[in-house]
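Work through the following exercises with the sequence and the three-dimensional structure side by side. Try each task before you read its solution.

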Amino acid sequence: MAADKPAPADRRAHTAQRLADERIDHRFKALPPDADGLTVGELAAERRNLFTGGFTTPVLALSAERLEHNLALMEEYATRHALAFAPHGKTSMAPQLFERQLAHGAWGITLAVPHQVRVAREFGVARIFLANELVDAAALAWLAAELDADPDFRFVCYVDSVRGVELMDAALRSAGARRPVDVVVELAAGDGARTGARTEADCAAVADAVAEVGTLRLVGVAGYEGEVPDATPERVHAWLRRLVALAEEFDVAGRFKSGGLDEIVLSAGGSAWFDAVADEFASVPRLSLPVLKLLRSGAYVSHDDGHYAHLTPFNRVPSEGALQPAFRLWAQVVSRPTSEQAFVNAGKRDAAYDLDLPAAQVVRRADGTETAADGVTVTGLSDQHGWLRTSSGADLDVGDWVGLGLSHPCTSFDKWQLIPLVEADGTVTDYIRTYF
């Protein structure tokens, strides 16, 4: 029962210990076969080397130094721009990384679906922003019990329709919920965009519906500027101004006066336009209550060598710093049938490929020497093979390891249950557990 669960801090400690106590076995790909039977904590304590410690290929490595750099950079960015930060946890679904994000000043963790919320709560995350509508009766019954059992648990989710309000109210009343669920009205990013009420009038109708039920409490407005159609800086800024104006209109209309509210939530921010969010949220007018300006970017934690490397706002504002790609997938050359072709043993099961193919970055020989992967290009992926095109001068042989840069963190994390955290010299200091 939810009422029997320990406090969040105790849950975090318990879960961290449980992760360390998990036994290594066949479930976790790439880990050394001779580590079977060790706990994760015991294997981490051995500080094995990724290249000489018995790891099998393919193996995904997360750079310890670059991870820390990215965590610190976004903490500094949010502080500099007076933003609260709830990084999107769907990127990694790794409680160890949630903990580090919270330690770096995050207000809470953003999530997308009920399963993810349950993972975060099992780990003891005390503040969760669900950037999605929630109308599932079973999930709402669980949420009601969780809120009732823990008065310190803060939960906020989207709502974008009168029907959604009706379904939430019915499910929460059926569950006997004692605490109302905090909701923000989601403003759609435009016609043909994803979820969200399409017009300000639609948003007002949703807010009116919330006011008529006792199981929900309106706490603000939110949306996702990454869905602005044919996004340009001008269009993204214009939509964000609409979102800010909606919050102001709701406040003037007295929509935030009930339910003992002590702040108004204003939330936006993916990983491509957080500079625009910072700009527009800086000009929020004075409202009747303090405004929690909540940024939700998530891909920063590992960044990447493709999609987000091109889209990151730090390209537009280089004076504010630069994220560093923290993932590298190591695969081994298993076939070199011609001078123009080679195959590595990593494919769709191991590497993100939904946005861009991996990029060959470095070749590592058996003697440990590394050279740039000049003349080596990934041209395709099979389930378990990577197709490489090699120029006539490319120095690549069967047995070599090829380090691949990846595009799209969200579909990199989800292919690995236990990811080595690796220092620059190859020392593995920890293992990041994911829950997808």
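The model is predicted, so local features need pLDDT of at least 70 and side-chain atom pairs count only at pLDDT 80 or more, while totals for chains, interfaces and linings use all residues. Residues are numbered from 1 along each chain as its sequence is written, and side-chain values use heavy atoms, with hydrogens and water left out.

**Exercise 1.** Determine how helix 8 and helix 9 are oriented to each other, and which residues meet.

*Solution.* Begin by locating the helices, which are DSSP runs (H or I, at least four residues) numbered from the N terminus: helix 8 covers residues 200-211 and helix 9 covers residues 233-252. Their axes, which are lines fitted to C-alpha atoms over the stretch in contact, with angles running from 0 to 180 degrees between N-to-C directions, come within 11 Å and cross at roughly 40°. Helix 8 and helix 9 are therefore oblique to each other. Next, take contact to mean heavy atoms within 4.5 Å; E200, C203, A204 and A207 in helix 8 then meet R242, L246, E249 and F250 in helix 9. Finally, sort these residues, counting Ala, Val, Leu, Ile, Met, Phe, Trp, Tyr, Cys and Pro as nonpolar, Asp, Glu, Lys and Arg as charged, and the others, Gly among them, as polar: the contact has five nonpolar, no polar and three charged residues.

**Exercise 2.** Repeat the analysis for helix 9 and helix 10.

*Solution.* Helix 10 spans residues 274-281, and it packs against helix 9 at an angle of about 45°, with the axes 10 Å apart. That angle makes helix 9 oblique to helix 10. On the side of helix 9, V236, H237, L240, R241, L243 and V244 take part, and they meet A276, V277, D279, E280 and F281 in helix 10. This contact divides into seven nonpolar residues, one polar and three charged.

**Exercise 3.** Is C203 buried or exposed, and what is its distance to the nearest cysteine sulfur?

*Solution.* A disulfide is a pair of cysteine sulfur atoms within 2.5 Å, and the structure holds zero of them. For C203, the nearest cysteine sulfur is that of C157, 15 Å away, and C203 is in no disulfide. Turning to accessibility, buried means under 20% relative accessible area, exposed over 50%, and partly exposed in between (1.4 Å probe, protein chains only). With 0% relative accessibility, C203 therefore counts as buried, and C410, at 11%, counts as buried too.

Methods. Helices (H or I, at least four residues) and strands (E, at least two) are DSSP runs, numbered from the N terminus. Angles under 35 degrees count as roughly parallel, over 145 as roughly antiparallel, 65 to 115 as roughly perpendicular and the rest as oblique.
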